[in-house]
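Trainee: Can we walk through this one together? I have some quick questions.

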Amino acid sequence: MKLSQFRFKLPDELLALEPPHKVFKNEDGTVEKVYRRDECRMMVVHRKSQTIDMFEKDADGNDTDQFMTFRNIVNYFDEGDVIMLNDSKVFPARLFGTKEKTDAKIEVFLLRELNEELRLWDVLVEPARKIRIGNKLFFEDDGPMVAEVIDNTTSRGRTLRFLYDCPHDEFKRELFALGSAPLPRFIIDQREVTPDDMENFQTIYARHEGAVTAPASGLHFSRELMKRLEIRGVDFAYVTVHCGLGSFDSIEVEDLTKHKMSSEQMKVDAQACDIVNRARKEGHHICAVGVTTMRAAESAVGTDGMLKEYDGWTNKFIFPPYDFGLADRMVVNFYYSESTMLMSTAAFGGYDLIMEAYQKAVENGYKFGCFGDCMLILDD
């Protein structure tokens with residue numbers, strides 16, 4: 001397929017800058033926000049019957065005037081079904097430092113640690129034109145955190161060596177204390193980063209640190225909702241995919257077969273395989289939450305349709321047409337025009353049906369992006 005087939009007009013006001021929330025005004029005049037991550041809207045797409053549901057049903061099965069929310073997802077799962085989740089944990093990857101001598105303000109976006117002993121990190125810097133090999137960056141006025149640029153990796157990429165002599169755990173703790181939530185650029189260009197963002201930009205089941213952006217489709221799960229699913233008999237299988245920025249890279253070729261995805265580190269352990277494979281053998285549904293989870297599933301599924309243990313990297317790029325080997329359901333957010341996540345969604349749900357769903361989402365004011373609304377795709 002072609003890049004231009006995934007182009008659509010998205011009004012700026014449909015980009016979600018915060019998770020779903022209620023605003024309360026206190027007696028002293030201050031305003032308080034209460035975030036309710038499971039109250040985003042949920043559209044249900046049926047890929048076999050080619051139908052789209054947006055509204056809750058009444059007792060007779062007719063549409064009401066109430067949009068479905070993510071809490072309604074409980075109604076679509078039964079005992080024995082499995083929901084696959086990405087338990088990667090986001091770290092505070094965005095830092096701001098000053099350049100030695102000029103005091104120019106530099107944004108440093110941490111990507112991954114290259115060498116624990118030498119304190120080497122792969123990073124992105126902005127503005128990149130001001131940062132050359134040999135430059136030093138200071139991250140506190142009088143603090144000890146200093147980094148030296150030792151290599152150029154890409155136009156914006158640099159390798160930094162942090163000059164901080166202490167045990168590694170202490171170094172990581174001090175480094176992350178200087179950072180903030182790595183929200184997408186379209187959010188931080190329109191509002192200030194707040195203390196709530198680090199919690200809001202993290203799934204409630206995050207365990208393994210290493211992501212520089214959230215597995216956003218999982219942000220909708222609340223503890224209460226997961227408990228309701230557990231009571232219903234739904235099992236959860238956790239895989240780990242350390243989400244990088246590759247999904248946000250601009251595609252610069254019209255022919256999608258020529259686009260190369262950046263690699264992401266992933267792991268599928270024996271426990272996840274046991275849970276998924278048992279459900280598959282018993283004929284239950286397997287639901288992948290998010291594109292990263294689906295990429296992991298498709299990277300680790302065997303020719304027999306069973307999930308295999310996997311510890312390595314994946315650069316799998318899923319776009320139409322694609323034959324999926326494991327999950328028969330998927331939860332995804334609404335993504336922006338020409339994004340690889342939209343392409344993967346269309347591969348699973350069917351191009352025409354997903355583009356119709358996107359048109360309905362725009363017409364009905366659904367919110368897009370990591371804090372936006374979501375879609376449940378069913379194989380019925």
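Predicted model: local features only at pLDDT ≥ 70, side-chain atom pairs only at ≥ 80, totals over all residues.

Trainee: OK. What is glutamate 264 in contact with, leaving aside its neighbours within four places in sequence?

Mentor: Val241, His242, Cys243, Gly244, Thr292, Arg295, Gly312, Trp313 and Thr314. Glutamate 264 belongs to strand β17, residues 264-268. Helices (H or I, at least four residues) and strands (E, at least two) are DSSP runs, numbered from the N terminus.

Trainee: Is glutamate 264 buried or exposed?

Mentor: Buried, at 3% relative accessibility. The cut-offs are under 20% relative accessible area for buried, over 50% for exposed, and partly exposed in between, using a 1.4 Å probe and protein chains only.

Trainee: Which side chain does glutamate 264 make a polar contact with?

Mentor: That of arginine 295, at 2.6 Å. A polar contact is a pair of N or O atoms within 3.5 Å; within protein, one must be able to donate a hydrogen and the other to accept it, and residues adjacent in sequence count only if both atoms are side-chain atoms. The glutamate 264 side chain also has a polar atom 2.9 Å from the backbone nitrogen of glycine 244.

Trainee: Arg295 again. How many residues of helix α6 are buried?

Mentor: 10 of the 10, across residues 291-300, so α6 is largely enclosed by the rest of the structure. Among them are Thr292, Arg295 and Glu298.

Trainee: New topic. Which strands close into the barrel?

Mentor: Six of them, in the order β9-β10-β11-β14-β13-β12, with antiparallel pairing. The twist averages 45 degrees from one strand to the next. Helix α1 (residues 168-177) packs on the sheet and touches β9 (94-99), β10 (105-115), β11 (120-126) and β14. The direction of α1 makes about 150 degrees with that of β10. Axes here are lines fitted to C-alpha atoms, for helices over the stretch in contact, and angles run from 0 to 180 degrees between N-to-C directions.

Trainee: How many bridges join β9 to β10?

Mentor: Five, antiparallel. Two strands count as paired if DSSP finds at least two bridges between them. Arginine 94 has phenylalanine 109 as its bridge partner in β10. Phenylalanine 109 in turn partners leucine 124 in β11. β10 and β11 share seven bridges, again antiparallel.

Trainee: What about the turns?

Mentor: The β9 and β10 hairpin has five residues between the strands, and lysine 101 there has a positive phi of about 75 degrees. The β10 and β11 hairpin has four, with arginine 119 at a positive phi near 60 degrees.

Trainee: And β13 with β14?

Mentor: Five bridges join β13 (residues 146-152) to β14 (residues 157-162), running antiparallel. Glutamate 148 stands opposite arginine 161.

Trainee: Switching to β3. Which of its residues are on each side?

Mentor: Met42, Val44 and His46 on one side, Met43 and Val45 on the other, all buried. Strand β3 covers residues 42-46. It pairs in the parallel sense with β21 (residues 374-378) over five bridges. With β4 (residues 51-53), β3 pairs in the antiparallel sense over three bridges. Valine 45 stands opposite isoleucine 52.

Trainee: What stands opposite methionine 42 in β21?

Mentor: Cysteine 374. That cysteine is buried, at 0% relative accessibility.

Trainee: Last one. How many residues are in the largest nonpolar core?

Mentor: 60, and those with the most contacts inside it are Met43, Val45, Met84, Tyr358, Phe368 and Met375. Another core lies apart from it, with 27 residues, including Leu110 and Leu175. A nonpolar core is a set of buried Ala, Val, Leu, Ile, Met, Phe, Trp, Tyr and Cys residues joined through side-chain atoms within 4.5 Å.

Key:
Residues numbered from 1 in each chain as written. Heavy atoms only, no water. Contact = heavy atoms within 4.5 Å.
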